[in-house]
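Hi there,

Here is the structure I promised to pass on. Have a look at it first, and then read my notes below.

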Amino acid sequence: RDEKERLGVKDDLKLSINAVKTLEARYLLKDEEGKIIETPGQMFRRVAIHVGIVELLYDYMKFQKKGIVAENGKKIPVSGIIPTQMEVLKRAFTHLVNEEQLTGTFEEFMNFVQTKPTTAMDTIDKYEQIMRNLEYVPNSPTMMNAGARLGQLSACFVLPVPDSIEDIFDALKYQAMIHKSGGGTGFSFSRLRAKDDLVGSTKGVASGPVSFMKIFDITTDVIKQGGKRRGANMGILKFDHPDIMDFIMSKDSENTILSNFNISVGMTDEFFEKLDADDYIELRNPRTGKTVNRIKARTMWETIINKAWQTADPGLIFLDEINKRNPVKNIADIEATNPCGEQPLLPYESCNLGSINLSKFVKDGEVDYERLREVIRLSTRFLDDVVDANKFPVDKIEEMTRKTRKIGLGYMGFADMLLMLGIPYNSGAALEMGEKVMSFLQEESHMESERLAEERFVFPGWYGSTYQEQGIKMRNSTTTTIAPTGTISIIANCSSSIEPLFALAFVRHVLNGQELMEINRHFENALKNKNIFSEDLMHEVARTGNLHEIDVDPEIKKVFVTAHEIDPEWHVLMQATFQRYCDSGVSKTINLPSDASPDDIAKAYRLAKDLHCKGITVYRDQSKVQQVLYSGTKS
Ligand code: CDP
């Protein structure tokens with residue numbers, strides 16, 4: 001309590017201290033002097049209203065399309081709509097009129113709002129409730145920016161990098177604007193001509209993709225100072241680009257080079273065919289299409305694996321798999337993903353994410369699917385509203401995002417759920433549970449998007465999409481994504497994404513030399529239930545973070561496994577299981593202990609390809625000097 005007050009936060013939701021610290025730093029609105037002016041509950045209200053206000057437009061749409069009036073709804077006093085909300089309405093109205101989903105003038109719409117009851121208030125209240133309950137949390141930019149000056153609500157963007165100086169520097173400018181608002185950017189650099197290739201206008205030679213990436217990296221550093229949070233990037237280069245070996249070797253284990261980038265090699269099936277046949281890869285000049293060099297596929301593969309062992313980079317992205325499942329091939333092919341890899345996007349496309357906290361849906365040892373269904377439906381609707389409520393940083397991004405209306409609903413708290421059900425992460429039962437909850441999410445969110453298409457319109461890019469071919473009307477070209485939930489899982493006080501626990505207990509060094517023991521609450525409960533909880537045991541566990549070498553109740557030992565004790569194969573299997581029922585991608589770090597071999601990494605990469613994952617990233621413990629999370633003792 002004292003600490004929360006010291007931070008200036010009135011915690012009306014009884015959040016964890018880490019949640020309050022996080023909200024205080026960047027989420028809660030502040031006045032000119034930097035004093036916090038809202039409670040966490042008021043923050044969720046602000047978000048619910050600035051997103052849900054567009055429901056007014058959709059009630060108007062229903063009225064225009066079918067003459068339907070929400071007789072049981074409420075009337076909203078127009079005088080109660082504050083300027084930031086009015087701004088959202090005006091912008092969304094203009095777009096919907098341009099897209100021929102609405103007709104008439106804004107004044108006519110306002111007249112409707114003044115005279116007819118609508119469902120908007122009800123929906124806003126429900127949005128607020130699922131967030132206050134921490135059943136559902138939208139991605140960070142939505143909470144930071146809804147109703148604030150920037151108004152930019154999406155976490156993920158992909159920007160194209162065409163092969164000209166003018167276009168490259170346009171991309172840099174867009175990157176800066178996106179980072180300023182807390183969004184992350186992904187780039188494919190595959191179209192840039194190779195190092196030492198000719199430059200037509202000057203007869204000089206080109207710098208190549210890796211040099212250009214350094215400028216994008218520096219922009220990120222500079223913007224970081226004034227932005228909402230540290231910007232993140234994904235850099236992708238296709239395996240047959242002449243500079244691919246430089247790219248693969250570009251990062252270091254001290255993370256001093258390209259430190260704001262995750263990098264991934266863009267793979268197609270051709271690479272693996274060549275690898276299996278022990279054949280050569282022809283490296284092609286992207287400008288002319290001509291082969292300029294060749295390299296044994298095996299040599300490239302071994303370099304990738306060794307670098308990933310040393311530095312955790314590069315990961316792989318599987319472009320054929322991604323494009324096979326791209327529903328809007330009619331618009332463009334996908335060449336890149338967002339920074340953490342879970343969201344493949346078309347050039348200039350953005351996506352807003354949100355995650356459901358599974359730990360809130362275990363009741364009496366069972367999953368409450370009825371409530372889960374309600375929350376999935378509401379949060380799918382919420383995310384569709386975000387597309388309209390969003391203020392985009394660049395016109396081209398607005399245009400593309402509105403065309404596909406991609407949204408990414410996912411999960412967090414999956415490991416908590418397993419612990420509450422007594423299921424070890426590394427077990428067939430856990431995979432079954434993953435399959436059950438993910439297929440449920442996929443089915444229910446698709447059904448909601450179909451209902452929304454019925455009520456509203458199909459997404460504008462639907463014509464010519466695979467959905468049109470199948471005769472399925474959808475409001476959104478994708479509905480599901482498993483995000484890393486790095487920050488929002490702290491806010492919700494649950495395990496992140498679909499990851500296992502990292503440590504059961506650890507000692508946090510706080511200021512003034514004090515040490516604070518943090519214990520996973522499910523672990524603590526389980527020990528207390530068995531009457532075997534003790535301070536001594538906790539200190540012993542905190543040394544490594546796990547029970548590996550501790551003599552304790554065998555049932556507890558089996559269920560409470562942590563990331564490094566879990567065989568990499570189980571990590572990949574879990575990722576592949578969720579991917580089977582996911583429109584976009586799955587964020588997953590394949591954690592390996594520090595003594596893992598390069599061969600372990602090769603196996604994980606290959607398994608991910610064979611199991612139809614869309615990408616893969618590994619992380620060997622201690623392979624980076626500046627590691628964010630240590631198991632056991634951390635500061
Ligand atoms: O938990 P939160 O909503 O803050 O984000 P996340 O689920 O950890 O990450 C989702 C996406 O947000 C990432 O894949 C990035 O696209 C973006 N992101 C970013 O750009 N910069 C960060 N520091 C964190 C996330």
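This is a predicted model: local features need pLDDT of at least 70, side-chain atom pairs count only at pLDDT 80 or more; totals for chains, interfaces and linings use all residues.

**What I found**

Residues are numbered from 1 along each chain as its sequence is written, and side-chain values use heavy atoms, with hydrogens and water left out.

**The whole chain**

The protein chain has 25 helices and 20 strands (DSSP runs numbered from the N terminus: H or I of at least four residues for helices, E of at least two for strands). Its radius of gyration is 25 Å, close to the 26 Å that the globule rule gives for 635 residues, so the chain is as compact as a globular protein of that length. That radius is taken over C-alpha atoms, and the rule is 2.2 Å times the number of residues to the power 0.38. Along the principal axes, the C-alpha trace spans about 75 × 70 × 50 Å.

Of the 635 residues, 57% count as buried (under 20% relative accessible area, with a 1.4 Å probe and protein chains only). As for contacts (heavy atoms within 4.5 Å), take those between residues at least 6 apart in sequence: 74% of them join residues at least 24 apart.

Which peptide bond is cis, with omega near 0°? The one from D313 to P314. P314 sits in the loop between α13 (297–311) and β10 (315–318).

The other two spots concern backbone angles. Most residues other than glycine have a negative phi, and most peptide bonds are trans.

R405 is not a glycine, yet has a positive phi of about 45°. You'll find R405 in the loop between α16 (395–404) and β16 (407–412). Is R405 buried or exposed? It is buried, at a relative accessible area of 0%.

T485 also isn't a glycine, and its phi is positive, near 50°. The loop that holds T485 runs between α19 (466–470) and α20 (488–491). T485 is buried, with a relative accessible area of 6%.

Cheers

Key. Buried means under 20% relative accessible area, exposed over 50%, partly exposed in between (1.4 Å probe, protein chains only).
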